[in-house]
Amino acid sequence: MPAKYTSLTDDLYDYVLAHRSHSHDPLLANLRIETEGLGELSQMAISPDQGSLIGLLVAINGTKWAAEIGTFTGTSSICIARHLAPGGKLICFDQDFRSTSIARRYWIKANVQDRIELRLGDAHRLIPHFKPPNLLDFVFIDADKEAYDFYFETILPYVRTGGLILFDNMLRGGQVIHPVEKNTPATRAVDHLNRKLASDPRVQSVLIPIADGLVVCRKLYVAAHEGRRLGNDSRRLPGESRF
């Protein structure tokens, strides 16, 4: 049986974007225009369809407590914060003052500033000291690729059973299968994590070919792993097995 997928042309991608809930969002459209003014750096922003998917997953999961590593100009954080359960909070980690200054302005415009806390600095140093008072329901990671696995292992104990962890840029523009470019440090790190997550008994994962590749992981109940408990989360979903 031949592989089943549809290659996207620009026209077909425009069709995809047009057929989403709230496809015309003036605030996010203006943010995208301002982000494009940053030049090549604008490629770091998530795509509109990714934003819609992220918001949908946040809502489906009943997310109240969330974290984001890599905020840039704020598109993903707005999509997350808009769909948090009442009283929810999103903690954002980013080290770039210029881009997060744009994000702060748009948080106010989106009226989500009270739901977001920005921790400005190097996430590689900040995350090990991050001890959220509540288990996280949702985590979005879109930062330095070589540190993805470090972020995953460090934050996983603080994610509740059934909670979601998302990673962006997991196809690296196709470099993950390129005979030469797959050997760059960032692409090797992403490829390693893709392989690891696909067989990791602690999560259920899928690599979705949206934008530059989005991995969605659901944390499974794990009684113990390598002799240690994963946080204080003793809950598991109905019908979920112990590993």
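Helices (H or I, at least four residues) and strands (E, at least two) are DSSP runs, numbered from the N terminus. The model is a predicted one, in which local features need pLDDT of at least 70 and side-chain atom pairs count only at pLDDT 80 or more, while totals for chains, interfaces and linings use all residues. Residues are numbered from 1 along each chain as its sequence is written, and side-chain values use heavy atoms, with hydrogens and water left out.

Buried means under 20% relative accessible area, exposed over 50%, and partly exposed in between (1.4 Å probe, protein chains only).

Next, move to Ser-21, in the loop between α1 (10-18) and α2. Ser-21 is exposed, with a relative accessible area of 61%. A distance drawn from Ser-21 to Pro-2, C-alpha to C-alpha, spans 32 Å, although the two are 19 residues apart in sequence.

**Helix α4: Ile-80**

Select Ile-80, which lies in helix α4. Its relative accessibility is 0%, and Ile-80 therefore counts as buried. Which residues are in contact with Ile-80, leaving aside its neighbours within four places in sequence? They are Ile-54, Val-58, Ala-66, Glu-68, Leu-90, Phe-138 and Phe-140. The C-alpha atom of Lys-64, 16 residues away along the chain, is separated from that of Ile-80 by 10.0 Å.

**Strand β2: Ile-91**

Continue to Ile-91 in strand β2 (residues 89-94). This residue is buried, with a relative accessible area of 9%. Beyond neighbours within four places in sequence, Ile-91 is in contact with Ala-66, Ala-67, Glu-68, Glu-117, Arg-119 and Phe-130. Pro-185 is 94 residues from Ile-91 in sequence, and their C-alpha atoms are 28 Å apart in space.

**Two asparagines in loops**

Most residues other than glycine have a negative phi. Select Asn-111, which is not a glycine and yet has a positive phi of about 60°. Asn-111 is placed in the loop between α5 (97-109) and β3 (116-120). Then select Asn-169, with a positive phi of about 65°, in the loop between β5 (159-168) and α8 (185-199). Are these residues buried or exposed? Asn-111 counts as exposed at 56% relative accessibility, whereas Asn-169 counts as buried at 15%.

**The whole protein**

Finally, clear the selections and view the entire chain. The secondary structure comes to eight helices and seven strands. Buried residues make up 45% of the 243 residues. The C-alpha atoms fill a box of roughly 50 × 50 × 35 Å, taken along the principal axes. Among contacts between residues at least 6 apart in sequence, 64% join residues at least 24 apart.

Terms used
Contact means heavy atoms within 4.5 Å.
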